[in-house]
Amino acid sequence: AYVIVFLVAMLLAPSLTMLLGVTMFRVACLVIAGAWITQSRLFPLRAKWDTAAVRAALPFVLIAALHVIRDQIGTLVLGARASYADVAHFNLAWRLVASSYFVPTAVCAVFVPLLTAHGLTKANRRLMMLAATVVGVMGLIAAAIAHFLAKPIASVLYGPMAATVAPLL
């Protein structure tokens, strides 16, 4: 249903406002369907206000909201200042940048348990400095490659749209 509504909406009026409306429709449908399935198939739902739980959850909700805003702020600002096509080209280029987060995320997945288990020992400090150096050098090399080879990379990844995406890389 979402894909059909999305396609029809984009045919009628392609804009960020329409995309937001379609996304809100999807969220509403998912909430309603989830509540109905839970109520009818699993167990009855009862809403109960617990002030202590709300106070305890507030920092986590704020962190999640900041994370969502951080990931989408470029798209939102560009969407307010530019056209729908510019936002699409920006998101195409951003996919390549976002995929580069894999390396530091993988490194952190290895080192955070060590730091949590043993603290900031001399061996962990040395390991952290080595990891930071390797990630930093890899980042600089990747940035140089993306800068100097933007056109060939964009042509391989984005085909005929490469001319509009390469400057963003």
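Tutor: Two residues are said to be in contact when they have heavy atoms within 4.5 Å of each other. Thr 38 lies in helix H2, which covers residues 16-42. With a relative accessible area of 17%, Thr 38 is counted as buried, because buried means under 20%.

Please bear in mind that the model is predicted. The setting comes before the close view. The chain contains eight helices and zero strands, and its elements run α-α-α-α-α-α-α-α from the N terminus on. Taken along the principal axes, the C-alpha atoms fill a box of roughly 55 × 50 × 30 Å. The chain has a radius of gyration of 22 Å, whereas a compact globule of 169 residues would have one near 15 Å. Of the 169 residues, 11% count as buried. Among contacts with a separation of 6 or more, 41% join residues 24 or more positions apart.

Two packed helices are described by the angle between their axes and the distance between the axes. Helix H4, residues 84-99, packs with H7 at an angle of about 105 degrees, and the two axes are 12 Å apart. An angle from 65 to 115 degrees counts as roughly perpendicular, and therefore H4 is roughly perpendicular to H7. On the H4 side the contact involves Leu 92, Ala 93, Arg 95 and Leu 96, and these meet Ile 153, Leu 157 and Tyr 158 of H7. By class, the residues of this contact divide into six nonpolar, no polar and one charged.

Leu 157 and Ala 93 are 64 residues apart in sequence, yet their C-alpha atoms are 9.5 Å apart in space. Leu 157 is partly exposed, with a relative accessible area of 48%.

Ala 93 and Tyr 158 take part in the contact of H4 with H7, and both also belong to the largest nonpolar core. Helix H7 (150-158) and helix H8 (162-165) each supply at least two residues of the core. In soluble globular proteins, nonpolar side chains tend to be buried together. Ala 154, setting aside neighbours within four places in sequence, is in contact with Gly 159, Ala 162, Ala 166 and Leu 169.

Helix H5 (residues 102-118) and helix H6 (residues 122-148) pack at an angle of about 170 degrees, with axes 11 Å apart. That angle makes H5 roughly antiparallel to H6. Their contact includes Leu 114, Leu 115 and His 118 of H5, and Asn 124 and Leu 127 of H6. By class it holds eleven nonpolar, two polar and no charged residues. Asn 124 is buried, with a relative accessible area of 8%. Not counting residues up to four places away in sequence, Asn 124 touches Leu 114, Leu 115, His 118 and Gly 119.

Technical notes:
Residues are numbered from 1 along each chain as its sequence is written. This is a predicted model: local features need pLDDT of at least 70, side-chain atom pairs count only at pLDDT 80 or more; totals for chains, interfaces and linings use all residues. Side-chain values use heavy atoms; hydrogens and water are left out. Axes are lines fitted to C-alpha atoms, for helices over the stretch in contact, and angles run from 0 to 180 degrees between N-to-C directions. Helices (H or I, at least four residues) and strands (E, at least two) are DSSP runs, numbered from the N terminus. Angles under 35 degrees count as roughly parallel, over 145 as roughly antiparallel, 65 to 115 as roughly perpendicular and the rest as oblique. Ala, Val, Leu, Ile, Met, Phe, Trp, Tyr, Cys and Pro count as nonpolar, Asp, Glu, Lys and Arg as charged, and the others, Gly among them, as polar. A nonpolar core is a set of buried Ala, Val, Leu, Ile, Met, Phe, Trp, Tyr and Cys residues joined through side-chain atoms within 4.5 Å. Buried means under 20% relative accessible area, exposed over 50%, partly exposed in between (1.4 Å probe, protein chains only). The radius of gyration is taken over C-alpha atoms; the globule rule is 2.2 Å times the number of residues to the power 0.38.
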